[in-house]
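Reader: Please take a close look at one part of this model, the loops, and go through a few residues in them. I would like the cut-offs stated along with the values.

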Amino acid sequence: MVMQPLTTAIMMLLLITRASSFATPSHHRSTSGSAFRLFASKTTISFDPAIDIRDKATSTIVIGRHSTLKTLIEQQDSYVSYFGFRPHPDILSAMHKSITGNQATSSLVIVPTVGPAIPRPPHKLTLCSLQNKVTRNNHPLSVHSMSDMIKSSCSSIKTSGNTVRIMVCVEDEYPLGPVAAAIGRAFPLFSKKTKSATKDDDDNNDGEESSSDDDDEERMIHVTFLNSKGKVVKNEVEIAAAKEAAEGVRLACRLVDTHPEELTTTAFAKECYDLFESDETVTIEEIVGDDLKDRGYGGVRTTTLQAGVFSDSNTNKDFLMNLLHFFSIVYDTGGLAIKSRVGMCGMKHDMGGAAGVLGGFTAAVRLRTPRKIRLMLCLAENAIGPNSVRNDDIITQYSGKTVEINNSDAEGRLVLSDAVAHATKHFDDCDLVVDMATLTGAQLVSTGKMHAGILANTEELEQLAVKAGLASGDLCYPLLYAPELLKKEFNSKVADMKNSVKDRSNAQCSCAGHFIESHIDPKYVARKGGWLHVDMAGPGSKAERGTGYGVGLVLSLVGAPGSSRT
């Protein structure tokens with residue numbers, strides 16, 4: 001399925017197999033009784049700096065570093081313009097003194113609304129203090145703490161059905177996108193919880209958790225950014241960047257949170273079409289099913305999606321060319337090397353890399369990023385069926401190299417290897433290839449739950465990626481790069497390599513990346529093209545929810561408008 005070619009420079013290609021060995025249950029089931037309905041979050045986030053929203057808010061959350069909050073509180077003449085009423089200075093001062101700049105803390109007070117022309121009910125005011133200082137491997141504003149504090153604050157003040165105003169004190173040197181992404185992360189979109197038509201069900205739940213959830217509440221979140229002088233930020237480019245970053249993160253989180261019965265490979269592809277249906281700068285092409293095998297994609301035995309984007313504004317020759325690859329295993333059973341009951345739960349998150357980069361890609365397109373970017377999303381389901389790949393099988397990858405399967409649960413690297421081989425073989429104008437995936441559990445051991453592990457073929461690119469992570473809040477940290485020392489882990493007697501390491505204690509996260517690297521086209525290597533591998537198995541999810549990791553990193557890497565301050 002190929003959309004008509006366009007005259008502009010943006011193109012998207014989908015390569016898709018729609019195979020499942022088992023029938024998919026219906027998504028629409030009738031539930032006995034009319035008391036329940038499927039419920040999804042209706043939280044709306046607005047970044048419009050218009051001041052009239054201020055007077056509609058029933059709650060206000062002010063967040064920033066402890067030192068910055070102090071500067072804000074001292075500007076007593078601006079209280080009415082900030083809040084729409086005049087809280088007593090002693091109340092704000094006491095709230096500020098009750099929290100500390102040594103750690104993330106908050107203070108909540110219900111204050112009388114003195115000063116407005118129209119009487120208003122008491123107002124819930126929360127001060128959230130971020131750490132004044134963080135270490136060199138964290139975002140300066142500690143955006144992960146920001147997400148947690150905003151979510152917790154909204155939960156504690158019961159914001160359902162109301163308008164909440166979030167005022168963020170941002171120092172001038174930091175872009176708004178990462179902050180907006182942190183706010184978006186606090187309000188996930190997906191939920192299949194049921195809402196009772198009466199209160200009786202919640203009253204008779206014997207102490208169990210209520211069927212309602214803070215994530216499900218209908219509310220308006222209005223975000224206002226304040227600069228170092230306490231003035232409202234109204235720069236249109238920065239506000240647009242903030243809006244798209246937040247929407248990209250919420251899109252990614254929704255995809256990661258959606259259950260695999262609904263988010264099949266076909267449904268994921270439809271998401272891509274729906275996102276760009278009205279954008280005439282984007283074209284989409286699919287390679288589907290047996291066509292993948294016929295064209296030599298031996299590592300992609302089920303669904304694959306390839307997407308490419310070119311910026312319409314890129315007519316000069318001295319642009320940066322990026323090729324971003326991400327694999328999406330919409331559900332990973334492990335295949336015939338099947339996972340345990342416990343180990344399989346949560347594997348819907350295995351498509352976190354694709355979700356994150358699709359969110360970043362979408363934001364970059366809507367911001368009309370002046371870069372030439374291609375995006376390849378490899379979509380597949382690792383399931384059991386008559387055509388399942390077996391351990392001991394030998395496959396031929398798109399690179400032409402043969403791989404002996406010794407672990408069908410190490411499928412992601414096979415899919416990514418085909419994508420990397422395709423990109424470096426066919427795109428002569430590409431000088432940077434980035435692949436991102438929730439590839440290995442070993443990544444968490446190597447770099448933890450907050451930092452992705454990165455592997456880069458040059459020190460310069462490695463440093464660039466770390467800086468992009470720090471700027472965006474999608475943190476990353478270098479893994480060991482030593483292919484000549486680690487490639488022996490894949491030695492095979494009967495094929496060019498195996499797909500899983502012999503010794504799991506020998507830098508296996510790096511090994512997985514080097515497996516992908518080994519399928520890069522030799523001509524690309526000869527012209528010294530850049531390659532960056534991002535393993536984000538840890539930071540891709542938190543507390544059984546997607547985090548939208550990858551959106552900010554993509555925007556920072558491609559230099560999207562508003563992703564940095566110069």
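Author: A residue is called buried under 20% relative accessible area, exposed over 50%, and partly exposed in between, using a 1.4 Å probe and protein chains only. Alanine 507, with a relative accessible area of 29%, is therefore partly exposed. The model is predicted, so local features need pLDDT of at least 70 and side-chain atom pairs count only at pLDDT 80 or more, while totals for chains, interfaces and linings use all residues. Residues are numbered from 1 along each chain as its sequence is written, and side-chain values use heavy atoms, with hydrogens and water left out.

Alanine 507 sits in the loop between β15 (497-498) and α16 (508-517). Helices here are DSSP runs of H or I with at least four residues, strands are runs of E with at least two, and both are numbered from the N terminus. Although alanine 507 is not a glycine, its phi is positive, about 50°.

Alanine 543 also has a positive phi, near 50°, and is a residue other than glycine. Its place is the loop between β17 (541-542) and β18 (545-546). Alanine 543 counts as exposed because its relative accessibility is 71%.

Proline 260 belongs to the loop between α7 (236-257) and α8 (265-275). With a relative accessible area of 28%, proline 260 is partly exposed. Leaving aside residues up to four places away in sequence, proline 260 touches Val330, Tyr331 and Lys348, where contact means heavy atoms within 4.5 Å. From proline 260 to histidine 349 the C-alpha to C-alpha distance is 9.4 Å, across a sequence separation of 89 residues.
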